[in-house]
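Reader: I am new to this structure and would like to learn how to read it. Could we take the features one at a time?

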Amino acid sequence: MLEVKNVTKRYGKNAACNDVSFTLEPGSMTVLLGPNGAGKSTIIKSILGFLKYQGDITVNGLDNRSVEARKLVGYIPELPSLYPTLTVIEHMEFIARAYKLTDYKDRINILLERFELDDKRKKFGDELSKGMQQKLNICLGLLPDPDFILLDEPLLGLDPHAIKELKNYIEELRVAGKTMLISTHIIDSVDMMWDRTIIMQNGQVRANVTRSEIEGSGKSLEDLFFEVTEGIDKASVSEENKEGEAAQ
């Protein structure tokens with residue numbers, strides 16, 4: 001279980017995150033939605049221990065900044081940060097050694113083949129296209145086989161085939177019992193199965209609901225998103241439009 005309790009992150013007088021709390025249940029997939037600047041990336045970086053903040057974050061009861069906790073968490077950032085003078089296979093070897101992995105060769109082969117990088121093993125980081133860099137970014141985050149996986153806009157830069165493949169792989173991870181948090185501002189990109197959605201705006205959690213709760217309300221995820229972030233009830237607007245057309 002990953003728990004975020006009353007986390008606040010300020011830059012001067014501005015609060016990027018303000019009293020944010022939520023829990024990722026074991027084996028669940030949570031979608032973190034919000035417009036640009038909502039605080040999604042800030043809370044993810046806080047979970048990873050990249051930022052100083054007020055509040056508490058634990059991973060299976062461990063402080064998130066401890067070595068033991070960090071070994072449990074994998075991260076796929078929005079923008080790849082590769083070494084221009086390391087090849088694809090050298091990047092993978094670097095991560096394997098950093099995590100002190102053993103018997104990792106087969107997993108490297110599986111990931112590179114799955115994301116169509118097997119023939120790019122000797123390519124340097126700066127020789128890869130943006131899409132290929134993002135694929136390598138994904139492979140690096142998944143190589144340690146973490147129990148908790150944080151994905152920040154993971155589909156950006158991928159072509160339609162790669163998007164389909166990543167979504168299939170995410171579903172396989174879900175079935176395997178991994179706990180995932182997927183952050184995005186593009187609602188259509190999370191049409192896969194998910195258990196809970198957290199909607200942020202202006203650094204605060206504005207909604208935290210399960211999939212069954214949304215479906216039981218008769219609303220779509222898109223309906224809820226616009227209702228929460230813009231105060232727009234799309235169902236009511238649609239009904240008003242129909243009444244207006246009938247009156248004409």
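Author: Helices (H or I, at least four residues) and strands (E, at least two) are DSSP runs, numbered from the N terminus. This is a predicted model, in which local features need pLDDT of at least 70, side-chain atom pairs count only at pLDDT 80 or more, and totals for chains, interfaces and linings use all residues. Residues are numbered from 1 along each chain as its sequence is written, and side-chain values use heavy atoms, with hydrogens and water left out.

Reader: Which residues does Threonine 58 touch, not counting residues up to four places away in sequence?

Author: Contact means heavy atoms within 4.5 Å. With residues up to four places away in sequence left aside, Threonine 58 touches Met1, Leu2, Glu3 and Asn64. By contrast, phenylalanine 124 is 66 residues from threonine 58 in sequence and 37 Å from it in space, C-alpha to C-alpha.

Reader: How do helix 3 and helix 5 pack?

Author: Axes are lines fitted to C-alpha atoms, for helices over the stretch in contact, and angles run from 0 to 180 degrees between N-to-C directions. Angles under 35 degrees count as roughly parallel, over 145 as roughly antiparallel, 65 to 115 as roughly perpendicular and the rest as oblique. For helix 3 and helix 5 the angle is about 25 degrees, and their axes are 9 Å apart. The two helices are therefore roughly parallel to each other. Val88, His91, Met92 and Ile95 of helix 3 make the contact with Leu136, Cys139 and Leu140 of helix 5.

Reader: How do the residues of that contact divide by class?

Author: Ala, Val, Leu, Ile, Met, Phe, Trp, Tyr, Cys and Pro count as nonpolar, Asp, Glu, Lys and Arg as charged, and the others, Gly among them, as polar. The contact of helix 3 with helix 5 has 6 nonpolar, 1 polar and no charged residues.

Reader: At what angle do helix 3 and helix 4 pack?

Author: Helix 4 (residues 105-114) packs on helix 3 at about 135 degrees, with the axes 11 Å apart. That makes helix 3 oblique to helix 4. Here Val88, Ile89, Met92 and Glu93 in helix 3 meet Lys105, Ile108, Leu111 and Leu112 in helix 4. This contact has 6 nonpolar, no polar and 2 charged residues.

Reader: What about helix 4 and helix 6?

Author: Helix 6 (residues 160-175) and helix 4 pack at an angle of about 140 degrees, their axes 11 Å apart. These helices are therefore oblique to each other. Arg107, Leu111 and Arg114 of helix 4 make the contact with Glu165, Asn168, Tyr169 and Glu172 of helix 6. Its residues divide into 2 nonpolar, 1 polar and 4 charged.

Reader: How much space lies in the largest pocket?

Author: Rolling a probe the size of a water molecule over the atoms shows where empty space is left. On a 1 Å grid over the protein atoms alone, a pocket is an open set of points where a 1.4 Å probe fits, with protein on both sides within 12 Å along at least five of seven lines; lining residues have an atom within 4 Å of a point. Grid points are joined across faces, edges and corners, and a volume is the space filled by probe spheres set on the points. The largest pocket holds about 780 Å³. Of its 26 lining residues, Phe50, Tyr75, Ile95, Tyr99 and Leu140 are the closest to its centre. Helix 3 gives the most to the lining, with 4 residues.
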